[in-house]
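Here's a quick briefing to read with the model open beside you.

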Amino acid sequence: MKFLYNILLIVCLVSLASCRDDFNFEPATGSELTFSKDTVYLDTIFSNIGSSTYNLKVYNNSNKDIKIPSIRLGKGDNSNFRLMVDGMPGKSFENIELLAKDSMFIFVETTVDIKQQTNGKEFLYTDEILFQAGNNQQKVNLVTLVKDAVFLYPQKFQDGSYESITINDDKIYGFFLDENDATNGNELEWNNDKPYVIYGYAAVPPNKTLNISTGTEIHFHRNSALVSFPTSTINAQGSIETPILFQGDRLEPSFENTPGQWSGILIGQNSNLNIKNAIIKNAVNGLLINANNGTASLENLQIYNCEEAALLLATAKVTGSNIVTNNCGVAGLVIANGGTYDFTHCTFANFWSRQNQTAVIMNNGDGTNAFALNAHFKNSIIYGNASESLLMVPANKETNFTFKFEYSLVKFQNSGNRFDTTSFPYNFSNTANFNNCLLAKNFSDHQPYFLNTSKNELMITDKATSLINYGNPFFAQQAAQDLLGKSRLASADLGAYQHVSSSAD
């Protein structure tokens, strides 16, 4: 009897289902549809580089199930936009079903060859999605800005392999810049005529110089980098008004401040770097310098949003002024295995949003091998959201670990009394190491009151009274203007910027 009852129940349910008219789709008249937006803006893309995927939501506001007779791109098969409707890719679709009071997503992508559209450097490419229902037509606009660029990448050989370079005995997907390249001309002279897009490791050959002019934009694909080989030089000279920009090749707003999009700028042994008025952002390590027997001059340099360190320096010789760091997964400045360093009016900050990370780390070896370290910080700020913004790890003898902070702010709260502040290296009363420094032992001490750390605006404001005019005038002469070009000779504030109004943001 139970078996018969179950059979009868199934038959009844099937009969009831066959009587339902829930899925009798009526042709849409057009009045039923509304959209999440009237224009889909696909953000700026480079020529021949595919965009991210964007979406449009289509609503059926009626109480009936409808069938949309036609959804298509206005330019048809010639359109450079691509759609996915109801899980199907294409450029035109027919009889798309949409339940009452329901909605669906339409996904949009594009790839545009700017040379097929214009001879200019930029082009606004547009189309529209057309929804046809009888005599009623609705539309949603599609807009994207396309930029022309100089693309630099490894060659592909006939056997299917790619060009590579050797770094530390490892073959890496990369290439040497050529001053007589048939396609790109002199690849060792970069200018601001078009952005550069780099795939792989772009290497400056030995005994060659890469010159980068003011206003140049360089974009790197994932796992790409700029590398200087031994005895080579990178000379990047921007201006305050038009700094040189190094960043990833994803131009969507969601990638604006995303760390780790490219590998960074790598300066090898016996090579030289001169960089002025530049911004480096969204790398793994912004600037890695291992320039034993080489030199690096850094002036008016901003490095933000690095997965590891903004500056990673090892056995290097570096002079820097008006340097600003922020939002780094390890530290703003990491000095490893010694070297010689001189920093004036720098703001080494770190307000890493994921957890509290320090601002400056220094060591001169690993406990077995000790290298000579000589570091000098003047009129600078060492600060962040960590309790201790300065971490020092001397290896072996103190004589190999020489440092001095003068007229600088150092945040060091010594939470849990983890550090011995009566002996080397954290004896802040020792003027041989800490001369006329401001020590922030708690959150109320010598607050810099930065303008907006989440936006990488590391200017101190007029609330930071203890930092204003505290800089040593002699050191200020070594960096007479701040990062924005404002004179500090009459009154030198600490850090890379002269103070601004707290209401400026």
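Glu299 is partly exposed, with a relative accessible area of 30%; buried here means under 20% relative accessible area, exposed means over 50%, and partly exposed is anything in between (1.4 Å probe, protein chains only). The side chain of Glu299 meets that of Lys276 in a salt bridge (3.8 Å, N to O), where a salt bridge is a side-chain nitrogen of Lys or Arg within 4 Å of a carboxyl oxygen of Asp or Glu. This is a predicted model, so local features need pLDDT of at least 70 and side-chain atom pairs count only at pLDDT 80 or more, while totals for chains, interfaces and linings use all residues. Residues are numbered from 1 along each chain as its sequence is written, and side-chain values use heavy atoms, with hydrogens and water left out.

**Salt bridges**

- Glu299 sits in strand β26 (residues 296-306) and Lys276 in strand β24 (residues 272-281), so this pair ties together parts that are 23 residues apart in sequence. Helices (H or I, at least four residues) and strands (E, at least two) are DSSP runs, numbered from the N terminus.
- Lys276 is partly exposed too, with a relative accessible area of 30%.
- Salt bridges that share partners join Glu26, Glu32 and Lys64 into one network.
- The structure holds 14 salt bridges, and one of them pairs Asp193 with Lys121 (2.7 Å, N to O).
- Asp193 is in the loop between β15 (189-190) and β16 (196-198) and Lys121 in the loop between β9 and β10 (122-133), so the two tie together parts that are 72 residues apart in sequence.
- Asp193 is partly exposed at 39% relative accessibility, and Lys121 is partly exposed at 43%.

**Around Arg250**

- Arg250 lies in the loop between β22 (244-248) and β23 (264-267), and its side chain meets that of Glu252 in a salt bridge (2.8 Å, N to O).
- What about cover for the two partners: buried or partly exposed? Arg250 is partly exposed at 34% relative accessible area, whereas Glu252 is buried at 8%.
- Not counting residues up to four places away in sequence, Arg250 touches Ser52, Phe255 and Gln261; contact means heavy atoms within 4.5 Å.
- Arg250 and Thr44 are 206 residues apart in sequence, yet 8.9 Å apart in space, C-alpha to C-alpha.

**Two buried strand residues**

- His219 lies in strand β19 (residues 217-220) and is buried, with 2% relative accessibility.
- Leaving aside neighbours within four places in sequence, the contacts of His219 include Phe46, Pro195, Tyr196, Gln247 and Asp249.
- Thr344 belongs to strand β28 (residues 331-344) and is buried at 3% relative accessible area.
- With neighbours within four places in sequence set aside, Thr344 is in contact with residues including Gly320, Asn322, Lys378, Phe475 and Ala479.

**Largest pocket**

- About 600 Å³ of space lies in the largest pocket. The volume is the space filled by probe spheres set on the grid points, which are joined across faces, edges and corners.
- A pocket is an open set of points on a 1 Å grid over the protein atoms alone, where a 1.4 Å probe fits and protein lies on both sides within 12 Å along at least five of seven lines; lining residues have an atom within 4 Å of a point.
- Which residues lie nearest the centre of this pocket? They are Phe151, Leu152, Asp181, Thr183 and Asn184, out of 27 lining residues.
- β12 (150-152), β14 (170-176) and β15 are the elements that give two or more residues to the lining, and β12 gives the most, with three.

**Nonpolar surface patch**

- Met84, Phe105 and Phe107 make a nonpolar surface patch of about 250 Å². Patch residues have over 30% relative accessible area and no salt bridge, with nonpolar side chains (Val, Leu, Ile, Met, Phe, Trp, Tyr) joined within 5 Å and like charges within 9 Å; areas come from the Shrake-Rupley method with a 1.4 Å probe, and for residues only the protein chains shown count as cover.
- Phe107 is in strand β9 (residues 103-110) and is partly exposed at 35% relative accessible area.

**Backbone notes**

- A cis peptide bond joins Phe424 and Pro425, with omega about 5 degrees; Pro425 is in the loop between β35 (409-411) and β36 (434-435).
- Asn270 is not a glycine but has a positive phi of about 60 degrees; Asn270 is in the loop between β23 and β24 and is partly exposed at 32%.
- Asn305, also not a glycine, has a positive phi of about 55 degrees; Asn305 sits in strand β26 and is buried at 2%.
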